[in-house]
Amino acid sequence: KKGFIGSQSVTKPSLRIDVNRFEPEAKLFGVDTIILNNGVQDPSLMRQCLTYERFAAAGLASPRCNFARVAVNGEDLGVYAHVEPIKPGFLRHHFGRDDGLLYEGNYTSDFSRHHLGAFEPKYAAKQAPFDALVQIADDLRSEGGLTEVLNQHFDAPQVLDYLAMEWITGHTDGYAGHTNNYFLYQLPQSGRFRFVPWGVDTTMQGQRIHDGPYDQGVLAKHIVADPVWRVALERRARNLMAQVWVPQ
């Protein structure tokens, strides 16, 4: 079984299948991990795949998603959302390399010293778990400009696109809405971080773009509070609405 409160179920739990649990080199159709989400928070079973697809349409690294009918010991559990895991294969496909620092953002994970411990370091990040994140947290608290912090530690246009897509899709349980459900990957080439969406099963429950951008995360709060960057975020959101939020 996998996941937190939203994925728990006695009759239809979310599942993680480690194909290589007992044979380290084992793979099934080229993958070593299969993620099956039960959709308890998404009765339509459509929100996850549609949301990841829209993030990808916006040019953002996003997990692939399709559907699987699952049976366990002959018992039919029904249809699941089959989501690509954020693992080295995903990183190589989208970023060209998999040796950068990868962090999973769980509830309360944020760029402040009090909340860095909620990040879950993966792979290479386990060697120096929080050094890069501490620097971001300290720089955001300093008197330096937001533009300098964004350009030094992040791909600034990608951050705007990511925050805009959380806003557009109604991902209130993501980084900007709830400091939850996202990944961070630091590109070895530049040392800058990029966001990757995750846990999007509560999206698309009413269009919220008219309510204004989400600003619960420290970085999002700084962007929304800065007149120049807020205008840039709102402009990017309008452009993406016209480009990728088009009814079929």
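The talk below takes the labels one at a time.

User: What kind of model is this?

Analyst: This is a predicted model. The values below are computed from it.

User: Why is the pair of aspartate 18 and arginine 21 called a salt bridge?

Analyst: The rule asks for a side-chain nitrogen of Lys or Arg within 4 Å of a carboxyl oxygen of Asp or Glu. In this pair, the closest N and O atoms are 2.9 Å apart. That is within 4 Å, so the pair of aspartate 18 and arginine 21 is a salt bridge. Side chains of opposite charge can pair when their charged atoms come close.

User: How many salt bridges does the rule give, and which residues are linked with Asp18 in a network?

Analyst: The count comes to 15 salt bridges. Arg16, Asp18 and Arg21 are linked in a network of them.

User: What makes aspartate 18 partly exposed, but arginine 21 exposed?

Analyst: Buried means under 20% relative accessible area, and exposed means over 50%. Aspartate 18 has 21%, which falls in between, so it counts as partly exposed. Arginine 21 has 55%, which is over 50%, so it counts as exposed.

User: Why do arginine 64 and glutamate 84 count as a salt bridge?

Analyst: Their side chains meet at 3.2 Å, N to O. The limit is 4 Å, so the pair qualifies.

User: How do you know that this pair links distant parts of the chain?

Analyst: Look at where each partner sits. Arginine 64 is in the loop between helix H1 (47-57) and strand S3 (65-72). Glutamate 84 is in the loop between strand S4 (75-83) and helix H2 (88-95). The two are 20 residues apart.

User: Which of the two partners is buried, and which is exposed?

Analyst: Arginine 64 has 59% relative accessibility, which is over 50%, so it is exposed. Glutamate 84 has 13%, which is under 20%, so it is buried.

User: What does glutamate 84 touch, leaving out residues up to four places away in sequence?

Analyst: Glutamate 84 touches Ser62, Pro63, Arg64, Phe90 and Trp198. Arg64 is its salt-bridge partner.

User: What separates glutamate 234 and arginine 230 along helix H8?

Analyst: They are 4 residues apart in helix H8 (residues 227-244), so about one helical turn separates them. Arginine 230 has 30% relative accessibility, between 20% and 50%, so it is partly exposed.

User: How do you know that the buried residues of H2 are on the same side?

Analyst: The buried residues of H2 are Phe90, Leu91 and Phe95. They cover an arc of only 95 degrees around the axis, which puts them on the same side of H2. Their cover includes strand S5 (101-105), strand S7 (182-186) and strand S8 (193-197). Just after H2, glycine 96 takes a positive phi of about 85 degrees.

User: Why are the buried residues of H7 said to line one face?

Analyst: In helix H7 (residues 218-225), Leu219, Ala220, Ile223 and Val224 are buried. Seen down the axis, they fall within an arc of 130 degrees, so they line one face of H7. They pack against H3, H4, helix H5 (156-169), H6, S8 and H8.

User: Which residues of H3 and H4 meet?

Analyst: Gln135, Ile136, Asp139 and Leu140 in H3 meet Leu146, Val149, Gln152 and His153 in H4.

User: Which residues other than glycine have a positive phi, and are they buried or partly exposed?

Analyst: Tyrosine 123 is one of them, with phi near 50 degrees. Tyrosine 123 lies in the loop between strand S6 (119-122) and H3. Its relative accessible area is 37%, between 20% and 50%, so it is partly exposed. Asparagine 181 is another, with phi near 55 degrees. Asparagine 181 lies in the loop between helix H6 (175-178) and S7. Its relative accessibility is 15%, under 20%, so it counts as buried.

Methods: Residues are numbered from 1 along each chain as its sequence is written. This is a predicted model: local features need pLDDT of at least 70, side-chain atom pairs count only at pLDDT 80 or more; totals for chains, interfaces and linings use all residues. Side-chain values use heavy atoms; hydrogens and water are left out. Buried means under 20% relative accessible area, exposed over 50%, partly exposed in between (1.4 Å probe, protein chains only). The arc is that of the directions from the helix axis to the C-beta atoms. Contact means heavy atoms within 4.5 Å.
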